[in-house]
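Dear colleague,

Please find below the structure that I am handing over to you. My notes on it follow directly after.

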Amino acid sequence: MTTALRLAPSILSADFARLGEEVRAIEAAGADLVHFDVMDNHYVPNLTIGPLVCEAIRPHVSIPIDVHLMVEPVDALIPLFAKAGANLITFHPEASRHVDRTLQLIRDHGCKAGIVLNPATPLDWMDHVMDRLDIVLLMSVNPGFGGQRFIDATLPKLREARRRIDAYTGETGRAIWLEVDGGVKSDNIGAIVAAGADTCVAGSAVFGAPDPDGGYRGVMKTLRSSARP
Ligand code: DX5
Ligand code: ZN
């Protein structure tokens, strides 16, 4: 793979009382994206943050904000997040009645678009929307909570997703990012990247291991070096 690994710390595990400082610290530590987990107590059994919080952190960072929508229905939130400064928006396709339309809607609002596939959701959801995808996110835990254990069956699924994306890129010349979310740690990130991921979310691994000064340079460096073959 030619692209350098992108690391996307999930602020789900950050200190919400100091969110501005936390996102500044991950950018200073070399994060490529801010992963922003939106849960609605309907699609998933948990409730987190919405467009107002996205708007509040936007001025604190210059890196892209990667909004992961765990909500149902999906479409009404897209313009709100785009306006709040999101750069990438991904959603779970089984939570949208019209997946192709939702993907178009995200791009129409100036953001990169992607689908998120749960551990038991087949890759076939990609089949007829490849041209509309900028990113495919494979969940390596069931969505809803940080700090869960990585599901190993994600590795063969990643290899197959990588194969399909590379075939598509070979035909069209257009790249699609392959992101993994859930249970990513320094002891499994090497295998995850070797299986084909180019973008890794890490929540508890990053925010659970601050440097003595409250920064995250140490853990980000460890994740990057552990990802190398
Ligand atoms: C789970 C979220 C993840 C989660 C990752 O529903 O989508 O982004 O916060 O956290 P860790 O890295 O702790 O599994
Ligand atoms: Zn997420």
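**An exposed loop residue**

Asn41 is exposed, its relative accessible area being 54%. Here buried means under 20% relative accessible area, exposed over 50%, and partly exposed in between, with a 1.4 Å probe and protein chains only. Asn41 sits in the loop between β2 and α2 (51-57). Its phi is near 55°, a positive value in a residue other than glycine.

**How to read the model**

This is a predicted model, in which local features need pLDDT of at least 70 and side-chain atom pairs count only at pLDDT 80 or more, while totals for chains, interfaces and linings use all residues. Residues are numbered from 1 along each chain as its sequence is written, chains are lettered from A and ligands numbered from 1 in the order in which they are written, and side-chain values use heavy atoms, with hydrogens and water left out.

**The chain as a whole**

The protein chain has 8 helices and 8 strands; helices (H or I, at least four residues) and strands (E, at least two) are DSSP runs, numbered from the N terminus. A compact globule of 229 residues would have a radius of gyration near 17 Å, and the 16 Å of the protein chain agrees with this. That radius is taken over C-alpha atoms, and the globule rule is 2.2 Å times the number of residues to the power 0.38. Along the principal axes, the C-alpha atoms fill a box of roughly 50 × 40 × 30 Å. Of the 229 residues, 52% count as buried. Among contacts (heavy atoms within 4.5 Å) between residues at least 6 apart in sequence, 63% join residues at least 24 apart.

**The zinc site**

The zinc ion (ligand 2) is coordinated by His35 (NE2), Asp37 (OD), His68 (ND1) and Asp181 (OD), at 2.0 to 2.3 Å. Donors are N, O and S atoms within 2.8 Å of the metal (3.2 Å for Na, K and Ca); water is not among the atoms, so sites may look incomplete. The arrangement is octahedral because the 6 donor atoms around the zinc ion (ligand 2) subtend angles of 69 to 169°. Four donors count as tetrahedral if all angles lie between 85 and 135 degrees; four count as square planar and six as octahedral if opposite donors are over 155 degrees apart and all others between 65 and 115; anything else is irregular. The spacing of the donor residues in sequence is H-x1-D-x30-H-x112-D. His35 lies in strand β2 (residues 34-39) and Asp181 in strand β7 (residues 177-181), so the pair ties together parts that are 146 residues apart in sequence. Both His35 and Asp181 are buried.

**Helix α4 and its surroundings**

In helix α4 (residues 99-108), the buried residues are Val99, Thr102, Leu103 and Ile106. Seen down the axis of α4, they fall within an arc of 100°, so they line one face of the helix. The arc is that of the directions from the helix axis to the C-beta atoms. Their cover includes α3 (77-83), β4 (88-91) and β5 (112-117). Gly110, whose phi is positive, near 85°, follows α4.

Leu88 belongs to strand β4 and is buried, with a relative accessible area of 2%. Leu88 and Ile106 are 18 residues apart in sequence and 8.4 Å apart in space, C-alpha to C-alpha.

**A cis peptide bond**

Glu72 and Pro73 are joined by a cis peptide bond, with omega about 0°. Pro73 is in the loop between β3 (65-70) and α3.

Yours sincerely
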